[in-house]
Amino acid sequence: MTNLKIGVILANLGTPDSPSPKDISRYLWQFLTDPRVVDLPRYKWYPLLKAIILPLRSKRVAKDYRSIWTEQGSPLMVFTEQQ
């Protein structure tokens, strides 16, 4: 049996600037237009993203973001910066 080494990579892919639907939409646009995240032709993906996903998802998750947001900002960013 060989000694295998296991590594773990933790990556922060970003966070919205605030828990507002506008900032969440901007963050999702940056994230979901990355070709490494969504592997679809742009002519198919962008209309779906702009017409359905961003408007609906941004408004829906804003409430969830507000419930975890701290005075220092996004918990993900705060804890990442503390590492």
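The face of helix α1 turned away from its buried side carries K22 and Q30, both exposed. Exposed here is over 50% relative accessible area, buried is under 20%, and partly exposed is in between, with a 1.4 Å probe and protein chains only. This is a predicted model, where local features need pLDDT of at least 70, side-chain atom pairs count only at pLDDT 80 or more, and totals for chains, interfaces and linings use all residues. Residues are numbered from 1 along each chain as its sequence is written, and side-chain values use heavy atoms, with hydrogens and water left out.

Now the other face of α1. Its buried residues are D23, I24, Y27, L28 and L32. Helices are DSSP runs of H or I, at least four residues, numbered from the N terminus.

Next, the core. The largest nonpolar core has 10 residues, including I24, Y27, W45 and V61. Such a core is a set of buried Ala, Val, Leu, Ile, Met, Phe, Trp, Tyr and Cys residues joined through side-chain atoms within 4.5 Å. Which element gives the most to this core? That is α2, with five residues.

Last, T33, in the loop between α1 and α2. T33 counts as buried because its relative accessibility is 15%. Not counting residues up to four places away in sequence, T33 touches L28, R42, Y46 and L49, where contact means heavy atoms within 4.5 Å.

Terms used: Helix = DSSP H or I, 4+ residues; strand = E, 2+ residues; numbered from the N terminus.
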